[in-house]
Amino acid sequence: MALPVPEWRGRVSRRWAVLDPALRERLTVASLHDAVRLGCDLLRTKEEAALVQLCCRVCVGKEPSAAGFYREQGNREFGRRRYQVAVRLYSKAASHEAPDSPEVSVCFANRSAALFHLGHFEVCLEDIARAESHGYPNRLLPKVLLRKAECLLCLGRLQDAADALSVVESKVAMDGLVTSPTEQTLLKKLRQLKVKLHEKERCPEPAQEACGDIQGKSEIWEENDSISGASSSLSLNFDTERGRHLVASQDIIPGQSLLKEEAFVSVLCPGESLLLQDSSETTWDTGVSNADLYCHRCLRQLLASVPCRGCSYAKYCSLDCADMAWQQYHRTECSLGALLLTLGVFCHVALRTVLLAGFAEVSRVVEWSHSGDKDPHNPKARCKCLSEAPDVGAGARGIPGCNDDGQYQSSYQAVFHLLPHTEQHSPEHKLLCTLSVVAICKKLQEAGLEAALLNQDSPKQWSKPKTSEKSSDELSPELKTVAEAMLRHVLQLQCNAQAITVMQELGPRDGAVVNKKPVRLATAFFPVLSLLNHSCCPNTSVSFSGTAATVRASQPIPRGQEIFHCYGPHQCRMRVAERQQLLSQYFFECHCQACLDELESDVKSVVSMRSSFCCPSCQAPMQGEEDVLCCSNEACATSVSRESLSHRFRDLQQQIKKALDLLRDSKADQAIKMLLKCQVDAGSFLSPEHLLMGEMEDSLAQVYATLGKWQEAARHLKKSIEIVEMHHGPSSIEIGHELFKLAQILFNGFAVSEALSTIQRAEEILSVHCGPQSAQIQELQEMKTCLSELPRNILQRT
């Protein structure tokens with residue numbers, strides 16, 4: 001959630017409603033500097049108390065009862081052989097145990113067992129090492145050491161496996177006579193592993209030959225001298241109408257990389273399954289959210305997470321990431337987890353931005369802004385002031401955000417110069433943002449974290465913050481500076497936040513066909529990427545790897561043309577009126593070519609034609625903008641309320657969801673019956689080209705693929721692809737993803753010739769949008785290599 005929870009927004013809204021009119025007027029025209037000072041006076045004790053109550057609903061501390069619950073659930077799922085689920089539950093348990101405790105070592109050991117069954121031997125060894133280093137009980141150690149030896153055997157590390165078995169033997173001999181059934185089983189396992197080791201030593205497995213050129217060709221890249229992370233094929237321009245923007249300085253071909261930028265700051269979007277505790281009964285959520293699936297620092301997908309030592313919320317892919325996060329920002333954020341989750345991702349990004357920049361840099365830039373920001377209601381004047389700044393402005397180029405040498409870098413200076421549009425936000429929204437950042441700064445002061453914030457090199461690693469002996473309602477001058485910078489960043493984020501997205505797998509990972517959908521993973525500041533203006537039909541495509549963004553040309557871009565990025569409402573997904581309404585949050589009216597063409601044309605947009613309702617009587621298109629829709633066929637003259645058709649549409653979506661739930665419960669036959677019935681119902685009031693018709697074909701393809709009926713699955717997926725192509729175009733990334741699924745189905749169905757041609761087409765499209773190193777391209781190349789190596793007589797028959 002970008003903004004604070006609804007309860008806090010409602011409370012601030014009621015506070016605004018009862019404010020004295022004169023005070024409202026002061027807030028409306030206040031600079032960021034003055035808004036913070038007014039916010040300090042307006043954040044009263046009862047508001048702070050209400051915020052504390054809201055924070056109590058979010059569990060971010062170490063809870064032993066939660067650890068016990070998750071460990072027990074993990075054991076239950078392990079017994080059912082649902083090892084992937086068990087891994088997640090053991091990770092949740094570990095995050096709630098005290099660091100360096102025997103209890104957390106048991107969580108790591110249990111998780112190692114699940115990882116072993118999943119075949120993740122390297123990660124299993126890491127968890128075994130964690131269990132040993134955290135004081136795993138001595139009496140249980142032989143079992144874990146045997147697992148270690150077995151992992152090493154599977155990895156072909158025979159000497160290490162022999163050493164591990166020797167340790168187990170020594171330990172068993174030292175412990176004396178073995179009598180219990182458990183110990184007898186242990187000895188039997190030990191003997192089996194020794195036999196296996198001798199067999200491998202006698203007949204070593206041949207070394208595997210290196211695969212062909214699976215990695216794909218490396219991309220040609222020449223970096224821009226003036227814009228960090230940008231290609232030399234771009235130039236930075238500025239005018240009062242378009243602001244800062246990037247232009248092609250030479251002809252650009254589709255797929256060419258234009259920008260590679262690491263986020264200045266990124267914050268994981270937690271997802272919706274955070275625990276909200278009921279005061280009367282505590283229930284622990286076993287659902288999986290982004291917070292469980294991705295590293296909170298580098299955004300890599302987690303397999304066996306390393307929990308924060310201070311809170312149960314932050315999880316990392318490695319101890320290195322955990323240490324780095326602690327040093328850079330988490331030692332300040334750790335005790336504020338519940339407050340940051342309550343106040344939303346934008347506030348969290350704002351705080352982390354100033355923590356990463358450091359107080360000295362934040363203070364310097366904020367103080368300069370006071371000398372230059374004379375007219376907060378005149379953006380053109382402000383741009384002029386920014387360009388004239390001696391140390392912080394644009395230097396020779398006269399473009400805001402550039403340094404003295406005329407270079408635009410991914411720096412705090414560039415982040416600060418992103419426009420906050422202070423004068424365009426509603427006064428009530430500004431009050432919400434102001435009270436929220438002031439509340440965070442007051443919490444920093446009360447918790448004794450101000451020193452850590454002002455001098456980030458001094459606090460000892462993993463040291464817990466001390467509560468301030470002397471608390472005051474008045475913020476220190478330094479924290480007011482921090483609050484002012486944070487307020488600016490929160491306001492900037494409405495127009496300049498970049499969503500980091502990933503293709504997330506749907507359903508079980510062990511399926512022959514992997515279905516994925518794009519999911520918002522994090523919110524970030526990319527200062528260079530923010531230079532791109534919006535178009536509803538952009539000439540670029542953006543992909544992400546961890547916290548890094550890559551922008552590629554999605555079509556030919558001639559020299560002198562501006563480089564455009566889509567901020568969200570794409571021409572293929574939304575009508576022009578809906579796009580314009582959504583784009584109003586960015587405080588501009590879109591005049592891109594797609595909008596102008598649609599507004600000036602009498603012809604309905606593709607979205608309008610293919611997403612509208614049909615007449616239930618004769619299937620002709622329904623028309624009308626009012627509550628009652630009329631059949632376009634004059635001979636029919638049927639009229640239906642828009643609400644009744646919308647209700648049927650929503651009900652149909654629910655039925656499709658239930659069918660996929662049946663598939664996940666291994667009830668494929670029932671899922672097919674339900675989806676076929678949905679198709680009949682949809683055909684009576686939706687056009688054949690409606691996107692939902694394509695979704696149903698896609699769902700049927702999933703079910704038939706699960707049953708191994710590859711020809712039937714391919715038939716339905718091809719129908720889905722036809723509809724997707726009508727909406728998004730033959731070279732869109734959406735078509736690329738659909739062709740990837742079709743390639744998997746044809747590959748599994750042994751339709752060699754058709755699979756190879758589909759792989760080639762999918763490669764051509766996905767390499768333009770995602771680059772030759774993307775995971776999907778790698779998998780397509782592996783499939784192609786496998787098929788190409790089949791005997792010639794088989795290739796000729798297929």
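Guide: Please keep in mind throughout that this is a predicted model. Let us begin with the pair formed by helices α26 and α27, whose crossing is left-handed. Helix α26 covers residues 668-683 and helix α27 covers residues 691-706; their axes come within 10 Å and cross at roughly 165°. Angles over 145 degrees count as roughly antiparallel, and so α26 is roughly antiparallel to α27.

The residues that build this contact can be listed for each helix. On the side of α26 they are Ala668, Ala671, Ile672, Leu675, Leu676, Cys678, Gln679, Ala682 and Gly683. On the side of α27 they are Met693, Met696, Glu697, Ser699, Leu700, Val703 and Tyr704.

Leu652 belongs to helix α25, which spans residues 642-664. With a relative accessible area of 4%, Leu652 falls under the 20% limit and is therefore buried. Apart from neighbours within four places in sequence, Leu652 is in contact with Cys678, Asp681, Ala682, Phe685, Leu686, Leu692 and Met696. Cys678 and Ala682 are also among the α26 residues that meet α27, and Met696 is among the α27 residues that meet α26. Along the chain, Leu652 and Leu692 are 40 residues apart, yet their C-alpha atoms are separated by 9.1 Å.

In soluble globular proteins, nonpolar side chains tend to be buried together. The largest nonpolar core here holds 119 residues, and the members that touch the most others are Trp8, Leu351, Ile440, Met486 and Ile563. Helix α19, residues 427-446, gives the most to this core, namely 10 residues. Ile440 touches Leu339, Leu340, Leu343, Cys347, Leu351 and Met486, when residues up to four places away in sequence are not counted. Apart from this core lies another, of 55 residues, and Ala668, Ala705, Ala713 and Val752 are among them.

For comparison, consider a second pair of helices. Helix α7, residues 102-117, and helix α9, residues 141-154, have axes that come within 11 Å and cross at roughly 30°. The two are therefore roughly parallel to each other, and their crossing is left-handed. Ala109, Ser112, Ala113 and Phe116 of α7 meet Val144, Arg147, Glu150 and Cys151 of α9. The residues of this contact divide into five nonpolar, one polar and two charged.

Asn496 has its place in helix α21, residues 477-496, and counts as buried at 14% relative accessibility. Leu418, Leu419, Ala524, Phe525 and Ser530 are touched by Asn496, not counting residues up to four places away in sequence.

Finally, the setting as a whole: the chain has 32 helices and 15 strands. Buried residues make up 50% of its 798 residues. Of the contacts with a separation of 6 or more, 65% are between residues 24 or more positions apart.

Key: Residues are numbered from 1 along each chain as its sequence is written. This is a predicted model: local features need pLDDT of at least 70, side-chain atom pairs count only at pLDDT 80 or more; totals for chains, interfaces and linings use all residues. Side-chain values use heavy atoms; hydrogens and water are left out. Axes are lines fitted to C-alpha atoms, for helices over the stretch in contact, and angles run from 0 to 180 degrees between N-to-C directions. Helices (H or I, at least four residues) and strands (E, at least two) are DSSP runs, numbered from the N terminus. Angles under 35 degrees count as roughly parallel, over 145 as roughly antiparallel, 65 to 115 as roughly perpendicular and the rest as oblique. A crossing is left-handed if the near helix is turned anticlockwise from the far one by less than a right angle, and right-handed if clockwise. Contact means heavy atoms within 4.5 Å. A nonpolar core is a set of buried Ala, Val, Leu, Ile, Met, Phe, Trp, Tyr and Cys residues joined through side-chain atoms within 4.5 Å. Buried means under 20% relative accessible area, exposed over 50%, partly exposed in between (1.4 Å probe, protein chains only). Ala, Val, Leu, Ile, Met, Phe, Trp, Tyr, Cys and Pro count as nonpolar, Asp, Glu, Lys and Arg as charged, and the others, Gly among them, as polar.
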